[in-house]
Amino acid sequence: MRVYELAKKEKVSSKVLLEIIKGLGIKGKVAASSLSKESIEKISSHLKAEKTKTKKEEKKKPSFVSRAPIITLMGHVDHGKTSILDVIRESQLAASEYGEITQHIGAYRANVAGKEMVFLDTPGHEAFTAIRARGARITDLVVLVVAADDGVMPQTVEAIDHCKEAKVPVVVAINKIDKTGINVEAVKNELAKLGLTPEEWSGKTIFVETSTKTKTGIKKLLEVLSLEAEMLELKANPGKSGEGTVIETKMDRREGKTISIIVQDGKIKVGDNFIVGDTFGKVKALINEEGKNLREAGPSVPVKILGAESLPLPGDILRVVDSGAKEINEKRKLPVQNDLRRATAKVTLEDFFSGVKKDNRNELKLILKGDVAGSVEAVSESLEKLEAPEIEVNIIHRGIGGINESDIMLAAASNAIVIGFNIPVENRIKELAEKEEIDLRTYRLIYEVIDDVKKAMEGILEPKELEENIGEAEIKRVFVLSDGRAVAGCIVSKGKVIRNAKTQLIRGEKIIYQGKISGLRRFKENAKEVATNYECGIQLENFNDFKAGDHFRIYQVKKVPQKL
Ligand code: GDP
């Protein structure tokens with residue numbers, strides 16, 4: 001038998017087999033080498049042992065495999081996001097790694113030197129943040145597109161803030177470098193000021209100069225993305241039952257209800273039962289971006305699924321279940337469960353006022369919008385000065401102009417409070433804020449903003465414990481009752497004595513007892529409290545050693561909110 005024949009029989013590659021042959025010290029260097037009967041037996045028993053060994057190991061640990069990165073393009077409108085995605089798509093066709101992209105399913109795969117990547121093809125941070133607002137995360141890497149002729153614009157800043165909040169690494173594409181009269185260095189400078197310092201300036205961010213007109217830099221961009229993705233060491237376990245995040249949904253005339261998802265872990269197969277958002281279904285078909293029907297889809301694969309009962313929302317998680325998807329879904333409809341759909345409980349300033357610390361949160365995240373640059377700066381400066389040891393005010397995004405959808409969605413995704421200064425708020429924004437349960441506040445005066453935030457911060461500071469004096473009493477005489485317990489006959493010299501209040505018994509300079517007033521009498525009657533200049537009998541728990549001349553200090557412990 002020759003090496004390649006044995007390889008076929010043992011279901012391993014000739015290459016692997018040749019390595020084993022080498023390891024066992026058997027003759028045979030190429031696939032065509034012939035093997036003796038003895039050698040074959042040796043190899044077969046070695047393979048058998050290997051197989052049982054790996055089987056055991058497989059049982060022990062989940063089999064993680066690396067998965068393709070999922071990439072989103074973000075940036076200001078018209079800076080070239082769609083154009084870059086188009087060029088990437090075309091380059092894929094030219095490379096004929098994949099067939100034509102015939103279906104819009106919200107994402108597509110690209111292949112760079114044998115490495116796969118997935119691009120979400122709904123550019124912009126709306127989709128990105130909407131998905132995050134549902135508590136899901138799909139993007140592994142962001143390409144921030146900045147047009148060289150336009151530089152940093154409001155949505156560029158928004159996108160950067162959204163990425164910072166989501167802690168997603170960013171690669172910058174300075175686009176439209178074919179244009180004349182541009183200043184790339186100036187754009188880099190603007191971005192460096194926002195925390196994206198180019199690598200060549202000893203920063204951490206990779207910048208690629210691109211043009212979709214001349215197709216410059218796109219290949220480099222893909223290479224950079226592939227390298228950055230490698231550094232992330234993205235892993236998934238295809239052995240698990242499937243799980244993915246909805247990126248788009250559509251009511252199609254021919255196909256009915258379709259949901260596009262990106263598989264994030266495990267495998268989704270035709271015939272699988274699933275639950276998603278507040279609905280469920282059974283996978284009737286899996287269709288990729290080329291319009292091909294798949295039998296199964298593994299980690300990082302974007303697919304369109306047919307067979308949902310109704311349409312979920314982008315950002316909803318789809319999970320494969322063994323059976324009874326309908327029943328599981330019904331159970332999930334209980335109000336409590338529905339709340340769980342939102343991964344994060346929304347925070348309000350009132351929560352802070354009343355000291356409610358959700359998830360032990362001691363960071364007050366704010367989004368600040370104002371009418372002019374001066375006012376936004378003034379407000380944020382004053383807010384950032386409000387320091388407290390235990391809390392931090394973090395303005396995650398600030399900008400000039402009206403409050404927009406993106407602000408609300410960022411607030412929803414990050415659990416922030418939105419503050420508008422000297423700006424009106426459109427009704428649709430108010431409605432969205434209500435729907436997303438976002439605390440949206442508008443102010444006209446700086447001190448009002450500061451005051452409210454200050455109060456909120458004071459609310460979450462741990463209250464201080466303060467002792468408050470209530471009264472004093474002096475022992476005149478000591479009585480001993482028939483049961484042996486002692487009563488201190490006192491005169492209240494200051495304030496009052498209250499039953500069950502805290503007390504210290506002081507002899508000279510020493511505290512000889514600290515505890516509670518367990519008994520208080522006025523003549524023979526039990527009393528709740530006794531006022532100044534009245535006589536009373538005081539009893540303590542487990543203490544009888546009173547002496548005339550001792551003093552009681554009566555006090556209470558109060559929790560006082562801390563002030564900044
Ligand atoms: P998006 O809003 O970020 O998706 O931007 P688009 O991709 O739609 O591009 C906006 C405009 O800029 C279109 O008219 C494009 O043709 C143009 N554009 C995009 N990339 C380039 C480029 O590299 N050079 C030049 N000169 N124009 C570009």
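Helices themselves (H or I, at least four residues) are DSSP runs, numbered from the N terminus. This is a predicted model, in which local features need pLDDT of at least 70 and side-chain atom pairs count only at pLDDT 80 or more, while totals for chains, interfaces and linings use all residues. Residues are numbered from 1 along each chain as its sequence is written, and side-chain values use heavy atoms, with hydrogens and water left out.

**Stop 1: H13 and H14**

Select residues 405-414 for helix H13 and residues 427-435 for helix H14; they pack at an angle of about 10 degrees, with axes 10 Å apart. H13 and H14 are therefore roughly parallel to each other (the label applies to angles under 35 degrees). Now show side chains: Glu405, Ile408 and Met409 of H13 make the contact with Arg428, Ile429, Leu432 and Ala433 of H14, where contact means heavy atoms within 4.5 Å. Sorted by class, that contact holds 5 nonpolar, no polar and 2 charged residues. Here Ala, Val, Leu, Ile, Met, Phe, Trp, Tyr, Cys and Pro count as nonpolar, Asp, Glu, Lys and Arg as charged, and the others, Gly among them, as polar.

**Stop 2: H6 against H13**

From H6, Glu158, His162 and Glu165 meet Ser406, Leu410 and Ser414 in H13. The classes here are 1 nonpolar, 3 polar and 2 charged residues.

**Stop 3: H1 and H2**

Move to residues 3-10 (H1) and 14-24 (H2), whose axes are 9 Å apart at an angle of about 110 degrees. Pick out Val3, Tyr4, Leu6 and Ala7 of H1, and Ser14, Leu17, Leu18 and Ile21 of H2, which form the contact.

**Stop 4: the ligand**

Finally, select the ligand and the 15 residues that surround it, with Asp78, Thr82, Ser83, Asp178 and Thr212 the closest (a residue is near if one of its heavy atoms lies within 4 Å). By class, this shell has 1 nonpolar, 8 polar and 6 charged residues. Which helix gives the largest share of the shell? Helix H4 (residues 81-95) does, with 3 residues.

Note on methods: Helix = DSSP H or I, 4+ residues; strand = E, 2+ residues; numbered from the N terminus. Axes fitted to C-alpha atoms, helices over the stretch in contact; angles between N-to-C directions. Parallel < 35°, antiparallel > 145°, perpendicular 65-115°, else oblique.
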